[in-house]
Amino acid sequence: MNSLSLGGWGKGYHRNYYDLSLHVAPINESIDIIARAFSSGVPYLEDENGERSQDDAFIEFILNPNKQQNYKEFSKEFIRNLFSGGYSYLYPHSDNEAYVRRLDQLMSENRPELFVLNNDYIEYPNDEISEFIYSYKNTQSTKLFENVLPFWDEVQDPCNYRVGISRLCSLKDEIDNIILANRAKTNKIRQSGKFLATPKSSGLTNQIGMQLDQPVNLKDPNYKQRDFIEDKLEHTGLAGGKSITVTNKEMTVMNVMESIQDYSYDDEIKEDKRTIKNTFGIPRELQNIGDDVAKYENRKEAMSELFNILILPLATNFTETIQNHYIPDDNRKFVLDFSHHPAFEIAKMKEEERMTSEVNRLVMLYEKGIITVNELQDKLKSYEII
């Protein structure tokens, strides 16, 4: 691993956290769960009456933030950078600087675009932390921090508050264990079926071995008895298509994998995988580690928990930041709607159950004469039941 210290905590363990997140399975799986949930949000502008609409240039822009990505791809990239590197920069851009926020120019060749900058290519080279170098596709450019929309995952780096501290910093041992275990497992598979043959110690003179080194014909002293036996075994098919070597010494043969053939590296690193997924806030029912099996309803409950704790607060920060940059004076509110997600079925069911219970309670109070029919009707109207 390519370690690099930039004088702060954010890059103290690894230089390329984004790349690392793609190559260590439990990290990739954790971020993918969060990214798929976040990217399922549907963008709307919501007025003060709760009415939502997508009929606006701003929403058209969000649905296709740049020429290469739609919203789903863009938002997954945002999450990948945020949760691997600890921060994420959104970069407003246009080939015509005057069009950077001109949402009325979406059909122009120089249309406004919004990109996610890859953390692996960002570097603050010195104490002048108001600007950074972005190296991408063999090109370098200097960008001002004030021109990006920054997001931080958990905390900002105390040595450079423009960047965040990656969650992966605390997982060095677990990540190393998983990488080493995967290498060991690969070597175990490659060595499977291999045997090692070594001369066996013996205090007796090996007369057979001496005879095997005698030539078959004195006219060809290099063609010995053991060569003759090898050829006979191979030509007659007794070798079964395999190579046979006849030695002139007694040999001991051992299976090179015998001592570890029953060793399970997956079991050894199971807790390391769980620690990683816990660090990313993935509920146990969604972790898919070892023999973990969760019912569908339990998985929906867990996903609902993930939305409430992580996705929804992040979505609020995301929408408010982007709206304040592009349409700060619009009285409507930029929102991401997740209500169609299966995780919200549980919330709907619980709300329906709560409402049914409340209606039954009101009817009981009416039947007992505790409330009047008008009071009952007023309550039902307030709940929008009638």
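Tutor: Let's begin with a term: contact means heavy atoms within 4.5 Å. In the protein chain, 62% of the contacts with a separation of 6 or more are between residues 24 or more positions apart. A word on the source: this is a predicted model, where local features need pLDDT of at least 70, side-chain atom pairs count only at pLDDT 80 or more, and totals for chains, interfaces and linings use all residues. Residues are numbered from 1 along each chain as its sequence is written, and side-chain values use heavy atoms, with hydrogens and water left out.

Student: How many helices and strands does the protein chain have?

Tutor: Helices (H or I, at least four residues) and strands (E, at least two) are DSSP runs, numbered from the N terminus. Here there are 12 helices and 15 strands.

Student: What share of the residues counts as buried?

Tutor: Buried means under 20% relative accessible area, exposed over 50%, and partly exposed in between (1.4 Å probe, protein chains only). Of the 386 residues in the protein chain, 37% are buried by that rule.

Student: Where is tyrosine 223 found, and what does it contact?

Tutor: Tyrosine 223 sits in strand E13 (residues 220–224). It counts as partly exposed because its relative accessibility is 29%. Beyond its neighbours within four places in sequence, tyrosine 223 touches Pro215, Val216, Phe228 and Asp231.

Student: Which residues lie nearest its centre?

Tutor: Of its 16 lining residues, Phe115, Val116, Leu117, Tyr134 and Tyr136 do. Strands E3 (87–93), E4 (113–117), E6 (131–136) and E7 (139–144) each supply at least two residues of that lining.

Student: And what about the second largest pocket?

Tutor: That one has about 290 Å³ of space. Its lining has 13 residues, with Tyr91, Pro92, His93, Val100 and Asn147 nearest the centre. E3 and E7 are the elements that give two or more residues to this lining.

Conventions:
On a 1 Å grid over the protein atoms alone, a cavity is a set of points where a 1.4 Å probe fits but cannot get out, and a pocket is an open set with protein on both sides within 12 Å along at least five of seven lines; lining residues have an atom within 4 Å of a point. Grid points are joined across faces, edges and corners, and a volume is the space filled by probe spheres set on the points.
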